[in-house]
Every structure is written in structure tokens, then in C-alpha cells.
Amino acid sequence: MTSQRAIPCLVFRGGTSKGLYFHERDLPVDRATRDRVLLAAMGSPDPRQIDGMGGAHPLTSKVAVIRPSRRPDVDVDYLFLQVWPDRAEVSDSQNCGNLLAAVGHFALEEGLVEARDGETTVRIWMENTNSVAVARLETPQGLVRYDGDAHIDGVPGAHAPVSLEFLDVAGSSCGALLPTGQVRDVVQGIAVTCVDNGMPVVCLRASDVGLTGIESPEEIEARADVRERVEALRLEAGALMGLGDVTNKTVPKISLLASSEHGGTLTTRTFIPHRVHEAIGVFGAVSVATACLLPGSVAADVAKLTVATGSFTLDVEHPTGYFSVSLDVTRDGDEVRVERAALLRTARLLMRGEVLIPGKLWSDA
């Protein structure tokens, strides 16, 4: 006998993040109770998350909640929840493309989708942004494959590839690809491009906040002056993007841009929003790559791209490598429409079992 309560879950590494994956049916219906349960499961609030499953960093303190979808053209619904390590907060204000990379695996492992011999396609409704993603997974002889030859920067080793395709995610959080209605704005005296192609992102030159753009995340986080200036800019830009007061929100992200260091399209350092990402988020990379294709944008100026209609693959550099984003775009004068975005991720099932929480947090059956 135990005074704790056991909740079934799987632990996946999805892309460059890690988190707990739950069936919606196994969590409390009441949101306040659910949040208390997830905070306890992760060990928040505590910077080390020593009394829970969290990894003491926003990238390793994430949750995916999944259920069979009632939508005729979708297999499963996916809700992303960010559990903050250092405060008692669970946020659903953004999507996560890294945890998304393992949602298809969860669906197959848990029998929500039947695996085919060779390759299985899982269509996923992303609840945070009301949009569809399509995941293609290798399933030889109907078995979920995790080993393979695909490598993504920020993750050691090689694994089976996961192809992710996004359908109509432009403006998914802000209502428009260019939330301010302009390709370039001036915020806090700095030229910025505000874009939302799956993730609200504010793009600006790293040099405009006193950086080269190739500093490490630790070096940037040690600069209190930079952090304060970036946060002031984020608060003003968030209001301009129609997100209201973003003081306690995880969006928009701020991406500091510089010329390519290793032959890619450009170099990024991204605030998420108060820590600096060791890489770059999936949708963050998609939004930055999209900004590179918008004539007159800050990102296009840094990348020095000539934009035309067609298919493009852009390599977005980040502190631990680069992220390749494929975009199909059409152009009508200065207006660019993104028809399709796709990229490669990997994922791995790390553990299956039950996470234990104090029983007093959720006592009703």
C-alpha cells in the first residue's frame, strides 16, 4: 500500500526535447487539478526539479496529452503543456514541434493507430494552434522503428527519421502570418520582423542588442543588460502582435539573427522566452525560415536571399548545429504565401510505466 497515486505514462525524447506523454483519459478533467498533478509529476516549482521527473530545464519539463480524435480526417489530438521548472505554472499558450515528433510513436505504441508494414502516416490535430501535422514513421513489419541513420543536431547518435509536414499553420497563434500587418516594425528603437508560421517569433539583428550572434547560450544569459532589453522588447512586441500582456506567457519567442557562421542561411540565438535555447524549437525554426523569404524583412536582409515562387530548403543555424526547413511558397508581388512546411526530426521511447504523485493532490477516482 502507498499514499501515492500512480498515473500511466510514457517518456519520450522528441527532437531536442524530452517529456511525459499521457492519455487524456488518465489525467484529471478539472484543469486546476490536472495542473497540480503535472507540477508534482515534474517536481515543480524547484529549479532542480529534484522531487520529480523534470530535467531542470524548460526543454526537459514538457508534457504531451493525447487522445483519439473525433475529427474524420485526423487520427489523434495532441495538447502540449509547458511545465515550468522554477514556478508553479503549466502553460498551453504555445505548441511544441519537438514533442510532436514522438506523438505518432505514442499513438502506435498505445494502439491508437494501427502500424502498417513499411511506413505509417499519423495525422495529428495540434490543439494549441488548431492546425494539422502529418507524421510519417518507419514501421517495418508493423513494428515501430527507433534505430536508423538520421541525425539531428542537438541529439547524440543516429535514429529512425520522422518526417513532419505542417498544413496551414500560418497565423495559428496570432491570426496572421504577419501579426502586425507589416513586414518590418520598430520596437524599442530596434528594427524587427514579427512572424507567426506555427510559432510567434520576433526576429532582430543580434548586433542591435550588443551581441555578435555567435555567443553561447550561457554567455548570453550572463548578460543581464541583454536579458532586460530583450524582455522589454518582447513585452512591447507581444502587444503589437495581438497577444496582449505576455509577461507570463511563453510567446512570442525572440530570435537574435546574424550572418551564417557555417554555410547555412543565417545564425540564430533564441530566447524561449527567458532562457536561451541550446538549439531552436521546431516551429521557431519554421517561423524564422519563413521570415527569410519575406521581402523587406530583417531576416531576409541578414540572410541576403532573393525570393521567388518555388520550393526552398533553408538551414537555420543554432548553437549546436543547424535545422533544415523545407518550404513551398508562392509570391504575388510582395505578398508571400507559405503553402507547405516540412522538416526532419527523430524520437525515441525512453521509458514506459507510471509516474507517482502525492495521493492528496488527486484523491477522487
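How many of the nine residues of strand 7 are buried? In this predicted model, strand 7 spans residues 131–139, and seven of its nine residues are buried, so the strand is largely enclosed by the rest of the structure.

On one side of the pairing, strand 6, which covers residues 118–126, is joined to strand 7 by nine bridges, and the two strands run antiparallel. Within this arrangement, I124 has A133 of strand 7 as its bridge partner. Strands 6 and 7 form a hairpin with four residues between the strands, and in that hairpin N130 adopts a positive phi near 50°. Strand 7 also pairs with strand 8, formed by residues 162–167, again in the antiparallel sense and over six bridges. Here the bridge partner of R136 is S163, a residue of strand 8. In a regular strand the side chains alternate between the two faces of the sheet.

The loop between strand 7 and strand 8 contains P156. In contrast to the largely enclosed strand 7, P156 has a relative accessible area of 72% and is therefore classed as exposed, since the cut-off for that class is over 50%. The C-alpha atoms of P156 and T250 lie 27 Å apart in space, the two residues being separated by 94 positions in sequence.

Burial extends throughout helix 6, which comprises residues 282–292 and in which eleven of eleven residues are buried. The loop between strand 13 (266–271) and helix 6 holds P273, and the peptide bond joining I272 to P273 is cis, with omega of about 5°. A cis peptide bond is also found from V251 to P252, where omega is near 0°; P252 is placed in the loop between helix 5 (224–240) and strand 12 (253–258). Most residues other than glycine have a negative phi, and most peptide bonds are trans.

Positive phi values in residues other than glycine occur at Q49, where phi is near 50°, and at K304, where phi is near 55°. Q49 belongs to the loop between helix 1 (31–42) and strand 3 (62–68), whereas K304 is located in the loop between helix 7 (298–303) and strand 14 (310–318).

The side chain of H57 reaches the backbone nitrogen of L59 at 3.0 Å. When residues up to four places away in sequence are not counted, H57 touches Q49, P85, I272, R275 and E278.

Terms used
Residues numbered from 1 in each chain as written. Predicted model: local features only at pLDDT ≥ 70, side-chain atom pairs only at ≥ 80, totals over all residues. Heavy atoms only, no water. Buried < 20%, exposed > 50% of the residue type's maximum accessible area, 1.4 Å probe, protein only. Pairing = 2+ DSSP bridges. Polar contact = N/O pair within 3.5 Å; in protein donor to acceptor, adjacent residues only side chain to side chain. Contact = heavy atoms within 4.5 Å.
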